Amino acid sequence: MRTRSSELTVGIFVIVAAIALFFLAMKVSGLLGSNYGDTYTLTAQFNNVNGLKPRAKITISGVTIGRVTDIHLDPKTLQAEVVMEIDSNVKTIDDDAYAMVATNGILGEKYLKIVPGAGEKYYKAGDRITQTQGSMDIEDLINKFITGNAGANKTASATPAVQAQPDGFAEGF
């Protein structure tokens, strides 16, 4: 009888641990929901959001303040439009702040980083962040490096490398 109760105790412990692990995984991945009560929506247009996905975090100074809710193509501008859900406790995003697609580490997940400005007006619900910086594509950088287009200065070839100096002017150098 004693082994039966100890087996039952171990079984219940394993089930509770599995359920706790499941909810922890869901919370960390952002699939369980947000920690935010009330939120408001902002939008921004980017020329490249490669790798950014819905539910990506939005940060200011390294602190998560919201999530990306939708990414779609604007048919008029042909730019990616990102819809953001911001915690309503964050009311002071300056109207000259800019949003950029950033990466955790070299090849980590993409997220939106909002860099505050020094404006005196603030974005309200439904506003559009006008200053944006898209994703830097590592494949494009590698391609430019391999093909020799990296660092090429097109105007340098148009100017002569050595300009003529009056006789004796630069002899001591």
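This is a predicted model: local features need pLDDT of at least 70, side-chain atom pairs count only at pLDDT 80 or more; totals for chains, interfaces and linings use all residues.
Two strands are said to pair if DSSP finds at least two bridges between them. Helices (H or I, at least four residues) and strands (E, at least two) are themselves DSSP runs, numbered from the N terminus.

Residues are numbered from 1 along each chain as its sequence is written, and side-chain values use heavy atoms, with hydrogens and water left out.

I begin with the sheet. In what order do the eight strands of the open sheet stand? The order is E7-E1-E4-E3-E2-E6-E5-E8, and the pairing is mixed. At the edges are strand E7 (128-129) and strand E8 (131-133), each of which pairs on one side only.

Now let us follow some of the pairings. E1 and E4 run antiparallel and are joined by eight bridges; Tyr40, for instance, has Ile86 in E4 as its bridge partner. Strand E2 (residues 57-60) and strand E6 (residues 110-115) run parallel, with two bridges between them, and here Thr59 stands opposite Lys113 in E6. Strand E5 (residues 98-103) is paired with E6 in the antiparallel sense over six bridges. E5 also pairs with E8, in the parallel sense, over three bridges.

Next, the loops. The hairpin of E5 and E6 has six residues between the strands, and within the hairpin Gly105 takes a positive phi near 75°. Which residues other than glycine have a positive phi? Arg55 has a phi near 75°, and Leu78 has one of about 55°. Arg55 lies in the loop between E1 and E2, whereas Leu78 is placed in the loop between E3 and E4. For accessibility, buried means under 20% relative accessible area, exposed over 50%, and partly exposed in between (1.4 Å probe, protein chains only). Arg55, at 46%, is therefore partly exposed, and Leu78, at 63%, is exposed.

I turn now to the core. In soluble globular proteins, nonpolar side chains tend to be buried together. A nonpolar core is here a set of buried Ala, Val, Leu, Ile, Met, Phe, Trp, Tyr and Cys residues joined through side-chain atoms within 4.5 Å. The largest such core has 24 residues, of which Met84, Ile86, Ile93, Leu112 and Ile114 touch the most other members. Strand E1 (39-46), E2, strand E3 (63-73), strand E4 (80-87), E5 and E6 each supply at least two residues of this core. What does Ile86 touch, beyond residues up to four places away in sequence? With contact meaning heavy atoms within 4.5 Å, its list is Asp38, Thr39, Tyr40, Leu42, Ile58, Ile65, Gly66 and Ile93.

Gln45 lies in strand E1. Is Gln45 buried or exposed? Its relative accessible area is 12%, so Gln45 is buried. A polar contact is a pair of N or O atoms within 3.5 Å; within protein, one must be able to donate a hydrogen and the other to accept it, and residues adjacent in sequence count only if both atoms are side-chain atoms. The side chain of Gln45 makes such a contact with the side chain of Asp74 at 2.5 Å, and another, of 3.5 Å, with that of Thr77.

Finally, the rings. Rings of Phe, Tyr and Trp (its six-membered ring) pair if their centres lie within 6.5 Å; planes under 30 degrees apart count as stacked, over 60 as edge-to-face and the rest as tilted. The count comes to one aromatic pair. The ring centres of Phe22 and Phe23 are 5.6 Å apart and the planes stand at 75°, so this pair is edge-to-face. Phe22 is partly exposed at 48%, and Phe23 is partly exposed at 42%. Thank you.
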